[in-house]
Amino acid sequence: FWFLHGFDTEEDLVGSLASMSTNERIKAIQKLPETMRKKREIRNKVLKEITKKSRHRGAQPSCCTQCLQGAAGSFRRFGKTLSEYFHRLWIWHKALKVIGAEFGTSVLSYFVFLKWLLNFNLFSFLINFGFITIPQFLEAEPNNLSFTGLELFTGAGYFQKTVLYYGFYTNATISKIENGPSYNMQLAYIFTVGIYFVICFLILFFSMAKSFYRSYVKSRVLYGKASKLLCTWDFNITNEKAVKLKQKNLSTQIKEDLTDVNKEVLNFSVAERFLRVAVHLLAWVASLGAAVASCTGVYFLSINNLQLFMKGQRNDLESQAVMLVLPVIVSLLNTLIPFFFSWLGHLERFQNPGLHIYVTITRNIILKMAIVGILCYYWLNIVATSESQCWETLVGQDIYRLVLVDFIFCLLGSFFGEFLRRIIGTTVFVSLGLPEFDIGRNVLDLIYAQTLTWIGILFSPLLPGIQMIAFLIVFFVKKVSLMRNCQPPHKVWRTAQMMTSFMLLLFCPSFVGVLSVIGFTVWRLKPSEGCGPFRGLSSMYAAVSEWIQILESYTASKWVVWIYHNLITNVLFFFILSTIVL
């Protein structure tokens, strides 16, 4: 090796590396076709050689410099070691490898997306808890309501007087030290939510761009069949189980790549084509009809539900329990109708399994987003104008119940849709066999749950924490159900673009629709008079306008006022920004 690269011995290579700059030396060592252990040995020898030369020249650094360099090196090594251990101990690291090896990248993409959403909600929870909830603890009043346990399902009763809901937060400026720093809860609440959505937008935007580049550009330019066959093996793997898992993973990926080459071209007669088109049209009519009927039922049920609640005692747990009817019916529709869509997909007999999944996802997204749209209309146009003392808390309770019941139905779907289906397919109707994992239905369940969480952040700041726990449980329940109840897809196929499609659906219509709902609530709706940080204002946004008026009298804050008048309230600026984003 040393001879091929122009060096007689390893000492010549070390001497050459020692004469390079730090960046050049790092890049040169990284490019060496050696194991990581060998590269570390070479790096250590180079560092020793550099130390010898510096001592020989009498250019030994001072004691302070040596201490700083040693501390920096130790810190870097500690950080790398800690990162490696966390990577190994992270709960889904091995699970994702096993799923990818057993079921391929199509099923793996669902679990990668679920992991990504879990991390997303962890970030959301930390922001809201740090900037909204912790300051509220300093001004919190004692809760005199008793806890019965029913609140865990209804979200009402004892929870009404906690930091879980908007109505509990104060509109005062918090200051524990006289003439000391103060904390404006109105500005903290609206800026935390606003900046959070800006960060969400940037994360989604760059994640889509990165996923698109990896899926559509890089995979076609760099990763051909030959390179995957010859250049992707990790020679640092020595554990026997890890070797077998890596072999199985690569085998599955190569099979998926070869399906693009070995596509079957089927020639249908005119009558067969007409029949297939007719079946597709009937399936679409049936799916759209089911979505319209579901939305109509949800609308009338929500109106009737609000009337029943307003007649009873507003703080009574029994009257609150009546409100469980709406989330149960909504979750039933979101659980049962997708099975109907999957059945329609099997009747259509798609030749391309990817097309089958995308059609199923499209039908499910129409159903779920239409139901969410009806619920948003109900909350913003009916509940917000009702006689409720704190309509924001009422909306927060509705979303809490929807998230909780949807989580329960998600677990029940794994039991009835996969476990019982396996029992039936292996004991009663053996010809059915084991079920396949329904990627389209499960992905849309995640997008629907995340959409509810985004809408609920304004009315229930700690909702991302609840959703984070739910996603964590769903990850392991789905993983166990997949391994024990499901079989790998009959048709192995490559899904390099699937993660990009999931993020695109999460961005539009989910995230864009949520921004519209939050924007309408902040700018147009009048907050409740008796609760929440924006009580007494004409709108939530009025808190920002009043703050800007105060800043206009301070010379040092003129730049903030200029940004507000020339950018934030400028329609042209947002038009140009939207054009750049598109």
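**Exercise 1. Is Ser294 buried or exposed, and what is its relative accessible area?**

The model is predicted, so its local features need pLDDT of at least 70 and side-chain atom pairs count only at pLDDT 80 or more, while totals for chains, interfaces and linings use all residues. Residues are numbered from 1 along each chain as its sequence is written, and side-chain values use heavy atoms, with hydrogens and water left out.

Step 1. Ser294 has its place in helix α10, residues 270-311, where helices are DSSP runs (H or I, at least four residues) numbered from the N terminus.

Step 2. Buried means under 20% relative accessible area, exposed over 50%, and partly exposed in between (1.4 Å probe, protein chains only); because its relative accessible area is 5%, Ser294 is buried.

Step 3. Leaving aside neighbours within four places in sequence, Ser294 is in contact with Leu333, Ile337, Leu367 and Ile371, contact being heavy atoms within 4.5 Å.

**Exercise 2. Describe the salt bridge between Lys368 and Asp445, and then the one between Glu41 and Lys38.**

Step 1. A salt bridge is a side-chain nitrogen of Lys or Arg within 4 Å of a carboxyl oxygen of Asp or Glu, and the structure holds 6 of them.

Step 2. The side chains of Lys368 and Asp445 meet at 3.1 Å, N to O. This pair links distant parts of the chain, since Lys368 is in helix α13 (residues 353-383) and Asp445 is in helix α15 (residues 439-456), 77 residues apart. Both Lys368 and Asp445 are buried.

Step 3. For Glu41 and Lys38 the N to O distance is 3.8 Å, and both residues lie in helix α3, 3 residues apart, which is about one turn of the helix. Glu41 is partly exposed at 37% relative accessible area, and Lys38 is partly exposed at 22%.

**Exercise 3. Check whether the span of helix α17 agrees with its number of residues, and locate its kink.**

Step 1. The expected span of a helix is 1.5 Å times one less than its number of residues.

Step 2. Helix α17 (residues 498-524) has 27 residues and should therefore span 39 Å, which agrees with the 38 Å between its end C-alpha atoms.

Step 3. A kink of about 30 degrees lies at Phe507 in α17, shortly before the proline Pro509; the bend at a residue is the angle between axes fitted to the seven residues ending there and the seven starting there.

How values were computed. Helices (H or I, at least four residues) and strands (E, at least two) are DSSP runs, numbered from the N terminus.
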